[in-house]
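Subject: Structure for you to look at

Hello,

Here is the structure I said I would pass on. Please open it next to this email and follow along; my notes come after it.

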Amino acid sequence: MRVLLIGANGYLGRFVADRLLADPAVQLTALGRGDDADVRFDLATGSPGALTRFFDAVHPGVVINCAGATRGGARDLTRHNTVAVATICEALRRSGCGARLVQIGCGAEYGPSQPGSSTAEDAVPRPGGPYGVSKLAATELVLGSGLDAVVLRVFSPAGPGTPAGSPLGRLAEAMRRAMQSGDGELKLGGLGAQRDFIDVRDVARAVHAASLSAAQGVINIGSGRAVRLRDAASVLARVAGFGGALHELDSPGGPVRPTLGHPRSDPDHVAPAAYPYPDGCGSWQQADVRTARDRLGWRPRINLEESLADIWMEAACRI
């Protein structure tokens, strides 16, 4: 099977590439903007015609798009998340390769949901910010393209390679700094959000399964269980061996509520804070993952504690 992977150097793309390279039946070609890509191409500025010519030359059976932007203004997010996907869809329509498209979407497309609920694929999307809007627009382009295509809506990825700017990455970095400086307490903000964390290696397994399947439409990829960021911080402290006190800032500059350990006597000492989720999904998000089980034969295998241990391993290496 000849697979073209777009965005192989990104957070998810690296693990998808590793998974595909481990399959002896896959012949992998990477397309991206970096010098280490097999083919250099910028989806945000390149023309569909140029990409069509490449598709016709390589003739992939599957195109996987892991590329995109998670931060930036509305213009940048639209260019990298929506216009880029429009270019892929138009190029595939023009090409004679007949490739299947696996598009990586995100849980932010749904927006806020009712606490205690599980969001299924038939939920009406109401994204709460420009990132979710740009990804939802991309999903609609894929679904309306007439291509053999599936969109995997990935919820909150975690595990090795987690970006330092993400909420879990900031948690690990704040804890590393506290341990490095010998601080006996850590004060963190924005820990009330509950998210469905899914390990990046499980995401890669889902992408591999989707590449081999005939499933179309939207499929949620998550653990099926919401976890409060406060609880993730407690697990991370245990994994890291942080024996100090962990406090939660209810709001920037607001009162402190202890959540783990014993308070330090110095009330003015504040360690680097982990800020709230910027995904526009409110206080709760949990995926209904039955479709992935039924149509892809996929289930998550890696628990959050293992994911957090890997995040901490990388953070600890910076001590």
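E305 is partly exposed, with a relative accessible area of 39%. On this scale, buried means under 20% relative accessible area, exposed means over 50%, and partly exposed is in between (1.4 Å probe, protein chains only). This is a predicted model, in which local features need pLDDT of at least 70 and side-chain atom pairs count only at pLDDT 80 or more, while totals for chains, interfaces and linings use all residues. Residues are numbered from 1 along each chain as its sequence is written, and side-chain values use heavy atoms, with hydrogens and water left out.

E305 belongs to helix α9, residues 304-316. Helices (H or I, at least four residues) and strands (E, at least two) are DSSP runs, numbered from the N terminus. Setting aside residues up to four places away in sequence, E305 touches V235, R238 and V239; contact here means heavy atoms within 4.5 Å. The C-alpha atom of E305 is 8.3 Å from that of A232, although the two residues are 73 residues apart along the chain.

A232 also takes part in a helix pair, that of α5 and α7. Two packed helices are described by the angle between their axes and the distance between the axes. Helix α5 (residues 167-181) packs with helix α7 (residues 229-240) at an angle of about 40 degrees, and their axes are 11 Å apart. Axes are lines fitted to C-alpha atoms, for helices over the stretch in contact, and angles run from 0 to 180 degrees between N-to-C directions. α5 and α7 are therefore oblique to each other: angles under 35 degrees count as roughly parallel, over 145 as roughly antiparallel, 65 to 115 as roughly perpendicular, and the rest as oblique. Their crossing is right-handed, a term used if the near helix is turned clockwise from the far one by less than a right angle, with anticlockwise giving left-handed.

Which residues of α5 and α7 meet? On the α5 side they are P167, L168, L171, A172, M175 and M179, and on the α7 side L229, A232, A233, L236, A237 and A240. The residues of this contact divide into twelve nonpolar, no polar and no charged. For that division, Ala, Val, Leu, Ile, Met, Phe, Trp, Tyr, Cys and Pro count as nonpolar, Asp, Glu, Lys and Arg as charged, and the others, Gly among them, as polar.

Helix α2 (residues 48-58) and helix α3 (residues 74-94) have axes 8 Å apart and pack at an angle of about 55 degrees. That makes α2 oblique to α3, and the crossing of the pair is right-handed. P48, G49, L51, T52 and F55 of α2 make the contact with T87, I88, E90, A91, L92 and R94 of α3. These residues divide into six nonpolar, three polar and two charged.

Is A91 buried or exposed? A91 is buried, with a relative accessible area of 0%. Leaving aside neighbours within four places in sequence, A91 is in contact with P48, L51, T52 and F55.

On the α2 side, the buried residues are G49, L51, T52, F54, F55 and V58. They pack against β1 (2-6), β2 (27-32), β3 (39-40), β4 and α3. V58 has a relative accessible area of 15%, and apart from residues up to four places away in sequence, V58 touches R2 and T29.

After α2 comes H59, with a positive phi near 55 degrees, in a residue other than glycine. H59 is in the loop between α2 and β4 (62-65) and is partly exposed, at 43% relative accessible area.

Last, the cysteines. A disulfide is a covalent bond between the sulfur atoms of two cysteines; the search counted a pair of cysteine sulfur atoms within 2.5 Å. How many disulfides does a search of the whole structure find? The search finds zero. C106 is in no disulfide, and the nearest cysteine sulfur is that of C281. C106 counts as buried at 6% relative accessibility, and C281 counts as buried at 1%.

Regards
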